[in-house]
Amino acid sequence: MTQPSDHGIAAPTTMILHGEVRSIEEFAEDEAALMEAIIAGLRTVTDPEIPVNIYDLGLIYRIEVKDEGVVEIDMTLTAPGCPVAGQMLGWVQQAVGVVPGVSDVKMRLVFDPPWDKSRMSDEVQLELGLI
């Protein structure tokens with residue numbers, strides 16, 4: 001199960017800044033603020049089938065902030081046949097694209113590893129009655 005850090009950021013998401021994998025605690029203050037703002041944007045997007053935001057649901061596998069404010073995001077779906085998959089990618093691009101300091105958002109839909117409930121935060125599992 002995932003445990004949020006002091007910053008409220010669940011652990012399984014890989015965070016990369018300028019090519020280096022880091023935990024949020026290793027970011028400089030301004031870098032951490034940018035990552036937190038990106039995650040706050042992600043938390044405004046909810047899965048239409050499960051009324052939970054996609055970040056705490058564990059659908060975000062990787063967030064990479066590159067030079068010039070380009071953000072790359074790998075995300076998955078709870079099921080490969082999700083009828084709103086294309087729309088969800090657009091929702092994520094919109095939510096993250098308005099974050100100050102972000103110039104572009106590049107999305108990649110991945111299915112490896114497959115999503116399962118262990119990627120959800122403990123709070124979401126509790127809310128959904130899974131623990």
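UniProt lists residues 36-105 as "domain: MIP18 family-like" in an unreviewed entry; such annotations may be inferred rather than shown by experiment. The end C-alpha atoms of this span lie 16 Å apart, and the span is 29% helix and 20% strand (DSSP runs, helices being H or I of at least four residues and strands E of at least two). The model is predicted, so local features need pLDDT of at least 70 and side-chain atom pairs count only at pLDDT 80 or more, whereas totals for chains, interfaces and linings use all residues. Residues are numbered from 1 along each chain, and side-chain values use heavy atoms, without hydrogens and water.

- L42 touches I54, I63 and V96, among others (heavy atoms within 4.5 Å).

**Salt bridges**
- The count is 7 salt bridges (Lys or Arg side-chain nitrogen within 4 Å of an Asp or Glu carboxyl oxygen).
- R43 pairs with D56 at 3.0 Å; both lie in the loop between helix 1 and strand 3, so the pair ties together parts 13 residues apart in sequence.
- D56 is buried at 13% relative accessibility (buried is under 20%, exposed over 50%, partly exposed in between; 1.4 Å probe, protein chains only), while R43 is partly exposed at 29%.
- R62, E64, K66, E72, D74 and R108 form a salt-bridge network, in which E64 meets R62 at 2.5 Å and K66 at 3.9 Å.

Notes
Lists of a residue's contacts leave out its neighbours within four places in sequence.
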